[in-house]
Amino acid sequence: MICAGDSRADAVSITPCTYGFGARIEGAHAKLDLSQPLTATQIQLIRQAWLKHRVIFFPDQPLTHRQLENFALQFGQFGTDPFVKPVEGHSNVLEVRREPDEQAIPFGASWHSDWSFQSSPPSATILHAKVVPPMGGETLFADGVHAYDALDPRMQHHLRGLKAIHSARRPYSYEGYYRSGGANRSMQIEPSDDAWATQSHPILRTHPETGDVALWINPVYTVGIEGLPDSQAQELLAQLTAHQIKHQFIYRHKWSTNMLAMWDNRCVQHAAQGGYDGHLRIMHRVTLAGDTPV
């Protein structure tokens, strides 16, 4: 556990998870209340922890939609969230909801980096747990930096300069929406022909703040590789995906009611887990604007 801050009032306690991927953040001497404005020191410490540990979480933080938005704005501007209808009156808040009797697989169940098909995907995703089922419902996170570091140097060299093609067509085109059972979800998804648009990004992404290199593809939105025939591209993408999600790169996050988590979408991908059929699960999500991957 690491305690840091200019005074007892703004000191925070940072407890890294195994291997330092993921960290729990609380007040060091008094409860950290995210419903209130943070001090400049707290913002700096939390941001440093987020960059270092890539996934950070704060237990026991009851928040209204407005308080969630205000927390997010202390770390950046809102991102753009297409294809899903936002919460009424809060255009930057999405409700991730699954009813007890819902038959469709959980929203976000396949590995992905949020909105990687955008020209400037989100820098961060912030997720707040409102209703947590008594079993299941964890979120898995995969560390793209460690995945890159563990690649054979020859593969690292091979991937330099290659660009992957990203698209939202699999989940959000009309075809993909109906094929995946989207019409049976309680999530208010709005499929569109716009989902067929493509965007190319480097397979090896350099983090704009830390300089770390991450393996940055995902099986939901990455649909091909520039300059490669589709068969070769799919074979390489499958190989890289299998590498990315090896157990040594994974952090399994268990939620509790009112917990808030924030992760670095520029080097982390995630997958929602099921296992809670018969129980309601409600989360609220905000993204922060990012930058063009390089």
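A disulfide is a pair of cysteine sulfur atoms within 2.5 Å, and by that criterion the structure holds 0 disulfides. This is a predicted model, in which local features need pLDDT of at least 70 and side-chain atom pairs count only at pLDDT 80 or more, while totals for chains, interfaces and linings use all residues. Residues are numbered from 1 along each chain as its sequence is written, and side-chain values use heavy atoms, with hydrogens and water left out.

The sulfur of Cys17 is 15 Å from the closest cysteine sulfur, that of Cys267, and is therefore too far away for a bond. Cys267 is buried, with a relative accessible area of 4%, where buried means under 20% relative accessible area (1.4 Å probe, protein chains only).

Gln244 belongs to helix α7, residues 230-244, helices being DSSP runs (H or I) of at least four residues and strands DSSP runs (E) of at least two, numbered from the N terminus. Gln244 is likewise buried, at a relative accessible area of 3%. Not counting residues up to four places away in sequence, Gln244 touches several residues, including Ala142, Trp216, Phe249 and Gln269, a contact being heavy atoms within 4.5 Å. Leu215 is also among the residues touched, and its backbone oxygen lies 3.2 Å from a polar atom of the Gln244 side chain.

Elsewhere, an open sheet of 3 strands has the order β9-β8-β12 with antiparallel pairing, two strands pairing if DSSP finds at least two bridges between them. Its edge strands are β9 (198-202) and β12 (222-225), each of which pairs on one side only. Strand β8 (residues 163-167) is joined to β12 by 3 bridges, and Ala164 has Ile225 as its bridge partner in β12.

Conventions: Buried < 20%, exposed > 50% of the residue type's maximum accessible area, 1.4 Å probe, protein only. Polar contact = N/O pair within 3.5 Å; in protein donor to acceptor, adjacent residues only side chain to side chain.
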